Amino acid sequence: MLEFISQQPLLAALIVLVGLGLVFGAVLGFASVKFATEGDPITDQINALLPQTQCGQCGHPGCRPYAEAITNGEAINRCPPGGESTIAELANLLDVEILPLDAEEGAGEKPKSVAYIREDECIGCTKCIQACPMDAILGAAKHMHTVIVDECTGCDLCVEPCPVDCIDMIALPTTLQTWAWELPSDKSHIIATDVSHGEAA
Amino acid sequence: MRAVFNIPGGIHPPENKVQSTATAIRSAGIPELLVFPLSQHIGAPAKPIVEVGNKVLKGQMIAEANGFVSVPVHASTSGEVVAIGGHVLPHPSGMSGPCISIKADGKDQWIEHKGVPDYEALDRPALLDIIRNAGIAGMGGAGFPSAVKLNPRPDQPIKTLIINGTECEPYITADDMLMRERAEQILEGVKVLRHILTPTETVIGIEDNKAEALAIMRNAAKGTGIEIVDFPTKYPSGGEKQLITIITGKEVPKGKLPADIGVVVQNLGTATAIYRAVVHGEPLISRITTVTGKAVEQQQNFETLLGSPISHLLTLSKWRQDVAIRLVMGGPMMGFALEDVSIPVVKTTNCILVPNAEELPEPAPEQACIRCGMCAEACPASLLPQQLFWFSQGKELEKLQQHNLADCIECGCCSYVCPSNIPLVQYYRASKAAIRTHDQDLIKSDQSKARFEARQERLEREAEAKEAKRQARAEAAKKAKASAATKPGETTSTTDKDAIIQAAIARTKAKKSEPSTDPVQAAIERAQAKRSGAPTAEETPEAKLVKIEGRLKKAQEKYQQAIEQGSDKLDAFSAGITKLEQQLELAKAAVPDTSEQQVEASTNTDSATDAIARAQAQRAGGAAKDTPEQAITKLKKRLGAAKDKLATAENEDNANIEAFRASVSTLQAKLQKAEQQLTNDNVS
């Protein structure tokens, strides 16, 4: 053995290195099979940040497809229900620049709302029930339908299919439970000597 | 002397307490209208148990506790319930909430009540029941239901009971006056608390700026085993966690309750209320409220019935509306501004501050943070206010949580010392709310996700079931075919059947594809529908007769036309007429004479049959390809008949007049079309 090494140092080194490579390759190969991650962890993380309204305003049929699209390089600013805070969180997760919300005209951030069916006008066509991604509309054919407010995400998807236009999106009112202090709005940061000049520096 | 400990931070704002301690506590009397918010405590709002129009007595329960963390509400004087509904609440939002309004009758008549002077015979649950039913919630500020706080888990033995007489916020003197005038009641209440909690030590903590109250309390507490401890005045020593540190030197760990380290803190006022509830059986219906500030002439403390509107207290203390720049409920550090003087005094209202412009000026404009660090020095919770401010501006909720925003007690020390006049506490309050909303959104989005996924799964399952069914059907059909092929004897019949079915399908399809293009068919159907009741399967002889007569007439006309036009089909026409005449003879023979009159009498049936006959005739004609001229003449004739019918109908006021009119107009339209066609044909 020693003799072989001393006589053929080059060959010996080559054999040892190749051997090591094979061993470690086998270990790594085994590990990659044994400890493989199921699914796509990044997609899951992105999906967890999305608001899960399944509204399709991003152009994808639901939040998970959009998460997958983001994983494949789509812009992070297509989600109006999530708004700025979701964009900031996504930017933070993916370490990319924060972008302004990219939405169609008038489809920007809206106050949280829920669908409301004017029950007198409902003809019981079940079209909204089929459209609702949350199964949040209750009713049967030719019977009045109604929205389960707690489950409604305000995605708007039921409004369009309604043949008698009896669905309204109603903004959730502020109650004593949801009322909150607002951030101070006066952001002028004027310095005291500017007060007399009447203008901020 | 007991050693006291120091707390980090804190400030020494002007105390302004002497103004309201010059005179004794005065009863505020009974206002005309009292308003009782259903939520005067932390937890679920109480449930009303009275109705509008009910007469209530003083001390009567008007709303019951709704759940474990909730307390009932009692009427503070006798009178009549005049409204149950929205009223402006003592809340920083200035929003309305459910309240019970009672119009006082002035009699102030008590409901029957009985105390338990020998409360030591009662066990803890019984006493807690009394305290809960008396509607007692923490009177220091937060309003946490006392019965809940006095019921620590069995694995949390209470070592120290602390009675909070600190009253560290400027201006407020309600507890100070209570100690000066009702030391006995306080100590009796503390004894009840001691009996409930069985602590190893009981301490009343009082700041050293209340010398008179301290002396009275010390004197009254002699021989009771209750220790009176004074400590240097500093805001906010009266915060629950701060006071625990001062008295015991221990800190309540993050996210834990004082009971977790064996301490329970109760306010002086709460102790008094507990005494009145247990020993005298009186529920919590009144409290001491300080009315102070330079915009009132008489700054003093009132024994106020809960539910009294603030305007009542302001009138009693002669407030000067012209100089008052705002109304503050609570003290200048942690209170909030009120927009309405009809807001009632509630269980937590310790002070109404009515400052003038010089006393509490509008805050100066906010300037940039210069990172001086004074806020960090002043913070009693050892937080980093400037960092929190920074993250609040950037809405970095995660960073805020990492910097322990949740431990902020919103005492206002940082805002007080800030040389740039930054309203730091408002930033923290907004950020706390943002974190809460964000957490709720996360819960909701998880819920939505689960629901959406469940729906997707369901839809998939349904689609699969449908597909499976379809395949099963296809298989069955295949099998049936295969079995039919193996039995040659039945082949013909099957093929026959198949052919029939195919034909039927084809017919239906044809019908479906052009339902409106065959007006004849439609007319037949309409007519048959009209003839409901009349036998459909076999035409009656009368009907047949009428039909043949109609056809004969038409044939004769056609013949005439043909003669006029010199048609080459004259022979055919004459043959047709002869045939029809024969048929008519036969039909006439078949009809009994009596029925002839019936035919004419039953116009409805006849018209229907007529229509069928005409329609069928037209179809027959259509099949034979009428020349356009013939068609026009026919139409003209039909139009004439229809018009006649319409006239008759109008004379008789027939119910079907609309239908007649419609048919006339359709016929006119058809006629025009036909004429058009003719002209076109002639031109070409």
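Trainee: Is B:Lys395 buried, exposed or partly exposed?
Mentor: B:Lys395 is partly exposed, since 16 other C-beta atoms lie within 10 Å. Buried is 20 or more other C-beta atoms within 10 Å of the residue's own, exposed is 12 or fewer, and partly exposed is in between, with C-beta atoms placed from the backbone. Mind that this is a predicted model: local features need pLDDT of at least 70, side-chain atom pairs count only at pLDDT 80 or more, and totals for chains, interfaces and linings use all residues. Residues are numbered from 1 along each chain as its sequence is written, while chains are lettered from A and ligands numbered from 1 in the order in which they are written.

Trainee: Where does B:Lys395 sit?
Mentor: In chain B, in the loop between α10 (385–394) and α11 (397–402). Helices (H or I, at least four residues) and strands (E, at least two) are DSSP runs, numbered from the N terminus. B:Lys395 isn't a glycine, yet its phi is positive, about 55 degrees.

Trainee: And what about phi at A:Asp165?
Mentor: Positive too, about 50 degrees, and again not a glycine. A:Asp165 is exposed, with 10 other C-beta atoms within 10 Å, and belongs to the loop between β3 (146–147) and β4 (167–171) of chain A.

Trainee: New topic: which peptide bond is cis?
Mentor: The one from B:Tyr235 to B:Pro236, with omega near 0 degrees. B:Pro236 is in the chain B loop between β11 (226–231) and α6 (240–248). Most peptide bonds are trans.
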